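Have the sequence and the 3D view open, and try each task before reading on.

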Amino acid sequence: MDWHYVDLQVKQWVMEAGDKIRDSFTETLNIQTKSNPNDLVTNIDKEIEQFFINKVRKTFPNHRILGEEGFGDEVNTLDGVVWIIDPIDGTMNFIHQQRNFAISLGVFENGIGKIGIIYDVAHDELYHAVTGQGAFMNDTELPPLNQATVKESIIALNATWVMENHRIDHNLLKPLVRDARGTRSYGTAALEMVFVATGRVDAYISMRLSPWDVAAGSVIIEELGGVVTNLRGNKLDFVSKDSLLVAKPGLHQTIINDYLKQGKW
């Protein structure tokens, strides 16, 4: 596989898709709900996913596609080359704010992340990595991630998980929130992962994300020496939903050992 060629194609398509999304800012959106009233999808989400699928099908007909809106293939394994696409990560933000959302696209070969691209459409910031070739924001190469401590860290964490919930004992996370320098929540897994990549935050925690939320970001983070696992410290399989802990080296293991392993869940 000529990954340089694939990378060039993906970047071109992502920029085209970004133009389409920006053009939609003045349009009236067709908004629908999915699993619950806060799980939203628009006609633009669907159109952008179909745009990518048409491009991939024409250019790489032997590749499979796993997409959030269900227009791709039924993917249960990552055998061969699989594209994992979220046309708009942060749809609620897209609808309400027209910012704090991103296109997220990862390309995997036999389970190994090869290309990760996350495009912050509103700010025209393209985060991208090809495994073994560094990670970049637009044309600027990002430096490797340094070690960090909890007390000096900003952690991206939705307040929902520090309240009583059915996914994790919130009492495990309360000490982490107390000990950290600060917490933030942006409502888009893709951007919260690249915020770890750029050092804007030091770790990101979420309880239940889908492969298209995290596939591209994992390639970028790991290229910089960061760590991506679920909250039990296990590797993600990128075909099923799971919890997520993304963090700088050292900080990741500290959060696992000193906070998450303190209780049973």
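**Exercise 1. An aspartate in a strand**

Asp-86 counts as buried, with a relative accessibility of 0%. Keep in mind as you work that this is a predicted model. Your task: find where Asp-86 is located and which residues it is in contact with, leaving aside its neighbours within four places in sequence.

*Solution.* 
- Step 1: Locate the residue. Asp-86 sits in strand 4, which spans residues 81-89.
- Step 2: List the contacts. Once neighbours within four places in sequence are set aside, Asp-86 touches Glu-68, Ala-102, Ile-103, Ser-104, Trp-212 and Asp-213.
- Step 3: Check one C-alpha distance. Glu-69 is 17 residues away from Asp-86 along the chain, and their C-alpha atoms are 8.0 Å apart.
- Step 4: Apply the cut-off. Buried means under 20% relative accessible area, so the 0% of Asp-86 puts this residue in the buried class.

**Exercise 2. The sides of helix 4**

Determine which residues of helix 4 are buried, and what they pack against.

*Solution.* 
- Step 1: Pick out the buried residues. In helix 4, residues 170-179, these are His-170, Leu-172, Leu-173 and Leu-176.
- Step 2: Look at their directions around the axis. They cover an arc of only 145°, which means that they lie on the same side of helix 4.
- Step 3: Find the packing partners. The buried residues of helix 4 pack against strand 10 (154-157), strand 12 (203-209) and helix 7 (251-258).
- Step 4: Inspect the N-terminal end. Helix 4 is capped there by Asp-169, which has a side-chain oxygen 3.0 Å from the backbone nitrogen of Asn-171.

**Exercise 3. Salt bridges**

How many salt bridges does the structure hold? Describe three of them, including how exposed the partners are.

*Solution.* 
- Step 1: Count. The structure has seven salt bridges.
- Step 2: Arg-22 and Asp-19 form a salt bridge with their closest N and O atoms 2.8 Å apart. Both belong to helix 1 (residues 3-23), three residues apart, or about one turn of the helix. Arg-22 is partly exposed at 27% relative accessible area, and Asp-19 is partly exposed at 42%.
- Step 3: Move to Asp-179 and Arg-178, whose side chains meet in a salt bridge at 3.0 Å, N to O. Asp-179 is partly exposed at 29%, whereas Arg-178 is exposed at 61%.
- Step 4: Turn to Lys-235 and Glu-222, which meet in a salt bridge at 3.6 Å, N to O. Lys-235 lies in the loop between strand 13 (227-229) and strand 14 (242-247), while Glu-222 is in helix 6 (residues 211-223), so this pair ties together parts that are 13 residues apart in sequence. Lys-235 is exposed at 58%, and Glu-222 is partly exposed at 40%.

**Exercise 4. Strand 14 and its partners**

Is strand 14 largely enclosed by the rest of the structure or largely open? Then describe how strand 12 and strand 13 pair with strand 14.

*Solution.* 
- Step 1: Judge the burial. Strand 14 is largely enclosed by the rest of the structure, because five of its six residues are buried.
- Step 2: Take strand 12. It pairs with strand 14 in the antiparallel sense over five bridges. Here Tyr-204 has Val-246 in strand 14 as its bridge partner.
- Step 3: Take strand 13. Three bridges join strand 13 to strand 14, and the two run antiparallel. The bridge partner of Val-227 in strand 14 is Ala-247.

Note on methods. Residues are numbered from 1 along each chain as its sequence is written. This is a predicted model: local features need pLDDT of at least 70, side-chain atom pairs count only at pLDDT 80 or more; totals for chains, interfaces and linings use all residues. Side-chain values use heavy atoms; hydrogens and water are left out. Buried means under 20% relative accessible area, exposed over 50%, partly exposed in between (1.4 Å probe, protein chains only). Helices (H or I, at least four residues) and strands (E, at least two) are DSSP runs, numbered from the N terminus. The arc is that of the directions from the helix axis to the C-beta atoms. Contact means heavy atoms within 4.5 Å. A polar contact is a pair of N or O atoms within 3.5 Å; within protein, one must be able to donate a hydrogen and the other to accept it, and residues adjacent in sequence count only if both atoms are side-chain atoms. A salt bridge is a side-chain nitrogen of Lys or Arg within 4 Å of a carboxyl oxygen of Asp or Glu. Two strands pair if DSSP finds at least two bridges between them.
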